[in-house]
Amino acid sequence: MADEAHSLSGALLLGEKKVVVNMGVEVFEDSLRRQGIEVVVVRWQPPRELPQDVARLLDRLL
Amino acid sequence: MTDIRDNIDRANQKVVERLCAGQPVWIGCKTAVDVIPGMTRHTILHAGPPIEWERMCQPMRNGILGAILYEGLASNVDEANSLASSGRLTLAPCHQYGAVGGMTGITSASMPVHIVRNEAFGNLAYCVPHEGASPTGFGWGTYDEGSIRHARWMQEELGPVLDAGLRAVGGINMRQLIGRAIQMGDEDHGRCGAATTLLTRELAPHLVRLDVSKDVLGRVFDFLLSADIFALHVIMAAARSMVEPAKKIPYSTVVTTMARNGVEFGIKISSLGDQWFTGPAQPIKTVFFSPEWTAADATPDIGDSSIVETVGLGGLIHAAAPAQEAAFGGTYAEALRKTEEAYAFCAGVHEAWTIPNLDFRGVPLGIDIRKVLKMGVTPILDTATAHKDGGKIGIGEARAPREAFEAALRAFANSHEAESIDA
């Protein structure tokens, strides 16, 4: 396992093209782009709490 | 046994089809009491869901006071205040009369109203003309002499000239015009420059041939060209005409109205007809016209203009109008993200209104309350901001409150209790 992890980080550092996946906090995206790094952005935020009755209704209706 | 979800999905598709089939045509601009069914000399219409005088925000009260003075129903502000609170006037939502109104939405008997006919279904809708570039007027919640004088000018010159021009041109097809405007970079709520230009271009050759003085025509053209936003109220009437035939489709959970009165935000959903479901009007993320104003000076979200988001425009399609996003300091990426959000909570797309930079994908259409709640993301409404004491002080955007969508979902479930929906 340790060897695999080592070779993966090596590929990330030395590979020709790096793609970074940015989840959630978007402020990192801009600075990576400015460095010419391709960024795949995953918009994520903690799920909002729904009232229980609404959540139950959605389970049946959607 | 059919799953209720199948019934809902089918019904929602039907609503999208009806919205999409709408053929709104701007056919006239006439005096409200002459054309709006049920309108009387003592009726004053306002934006948003129903609200009593006592609970109205100050700009809406100011607009009503202005309308009372303009109509000659009182001779001074004290008398106007007494009349407004007396119960002797009919104060009702524009929506109840097939109309819509910007900001306070104040519409009284003598005001001119744009008339739009949905040619596919034969129904009519109305909206007072936009008041133009001035930051004051009944719509913005002011009732000074200038506001009253401007309302008179709209009644005596603007309305009749527009009406004669529209007769001469034979009506303007707003479905086509809105589609073209989107392709020219309008989202057709906060940004209506293309639509206003197109409307003016359609009207101009006919207006100059009317038997009216050069002075009058000059004032009308000055007005039309002074505010990019003129077309908005025609687009609002078009949208209002589109939603009516999409109401009362059994099982549908698609939103057919969104409107705000500065205190509450209200929605209607197709299957439940004209019932309102409300939540608190939200603060507006505002770009103020002057540093003297802050959020503490602003009235919460107000106006019927969110009828345009109801038909897939405005805050739902910032991707089509990157300049609109930039006006608020946003980026193109943000505009795209907001529009992707809208696609995710809508039931379909409008086939004739397409976004060039999204490979001509149709605009998102048919806001489904189930998806809004599941995603935890409510629609964005582009808007202007009124000062808490009246007057336009900025432009911005607000989110609809989720409480209105929750209330609608609960009512929907109650209306289908017999189908043993577990609540």
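Predicted model: local features only at pLDDT ≥ 70, side-chain atom pairs only at ≥ 80, totals over all residues.
Good morning. Residues are numbered from 1 along each chain as its sequence is written, and chains are lettered from A and ligands numbered from 1 in the order in which they are written.

Let me stay with chain A. Met23(A) belongs to strand β1, residues 19-23 of that chain. Here helices (H or I, at least four residues) and strands (E, at least two) are DSSP runs, numbered from the N terminus. Between the C-alpha atoms of Met23(A) and Pro51(A) there are 27 Å in space, and the two are 28 residues apart in sequence. Chain A has three helices and two strands, and from the N terminus on they follow the order α-β-α-β-α. Of its 62 residues, 5% count as buried.

How many residues of chain A are in contact with chain B? There are 13 of them, and they are in contact with 14 residues of chain B; contact requires that the C-beta atoms of two residues, placed from the backbone, lie within 7 Å. The side of chain A that touches chain B has eight nonpolar, no polar and five charged residues. In this scheme Ala, Val, Leu, Ile, Met, Phe, Trp, Tyr, Cys and Pro count as nonpolar, Asp, Glu, Lys and Arg as charged, and the others, Gly among them, as polar.

I turn now to chain B and its helix pairs. Two packed helices are described by the angle between their axes and the distance between the axes. Helix α3 (residues 58-70) and helix α4 (residues 77-86) of chain B have axes that come within 9 Å and cross at roughly 110°. Axes are lines fitted to C-alpha atoms, for helices over the stretch in contact, and angles run from 0 to 180 degrees between N-to-C directions. α3(B) and α4(B) are therefore roughly perpendicular to each other, a label for angles of 65 to 115 degrees, where those under 35 count as roughly parallel, those over 145 as roughly antiparallel and the rest as oblique. On the α3(B) side, Ile64(B), Leu65(B), Ile68(B) and Leu69(B) take part, and they meet Val77(B), Ala80(B), Asn81(B), Leu83(B) and Ala84(B) of α4(B). By class, this contact of α3(B) with α4(B) has eight nonpolar residues, one polar and no charged.

The second pair consists of helix α5 (residues 145-169) and helix α7 (residues 193-207) of chain B, whose axes come within 9 Å and cross at roughly 90°. α5(B) and α7(B) are therefore also described as roughly perpendicular to each other. Val161(B), Gly165(B), Ala168(B) and Val169(B) of α5(B) make the contact with Glu202(B), Leu203(B), His206(B) and Leu207(B) of α7(B). The residues of this contact divide into five nonpolar, two polar and one charged.

Which residues of helix α6 in chain B are buried? In this helix, residues 174-183, they are Met174(B), Arg175(B), Leu177(B), Ile178(B), Ala181(B) and Ile182(B). They cover an arc of only 165° around the axis, which puts them on the same side of α6(B); the arc is that of the directions from the helix axis to the C-beta atoms. An α-helix has 3.6 residues a turn, so residues three or four places apart point the same way. After α6(B) comes Gly185(B), whose phi is positive, near 100°.

The loop between α6 and α7 of chain B also holds Asp188(B). Asp188(B) has a positive phi of about 65° although it is not a glycine, and it is buried, with 32 other C-beta atoms within 10 Å. Met103(B), likewise not a glycine, has a positive phi of about 50°. Met103(B) lies in the loop between β4 (99-100) and β5 (107-108) of chain B and is buried, with 29 other C-beta atoms within 10 Å.

I close with two further residues. Gly376(B) sits in the loop between α13 (369-375) and β16 (380-386) of chain B, and with 13 C-beta neighbours inside 10 Å it counts as partly exposed. Gly376(B) and Phe345(B) are 31 residues apart in sequence and 9.9 Å apart in space, C-alpha to C-alpha. Arg10(B), in helix α1 (residues 4-21) of chain B, counts as partly exposed with 14 C-beta neighbours inside 10 Å. Arg10(B) and Thr385(B) are 375 residues apart in sequence and 38 Å apart in space, C-alpha to C-alpha.

Key:
Buried ≥ 20, exposed ≤ 12 C-beta atoms within 10 Å, placed from the backbone.
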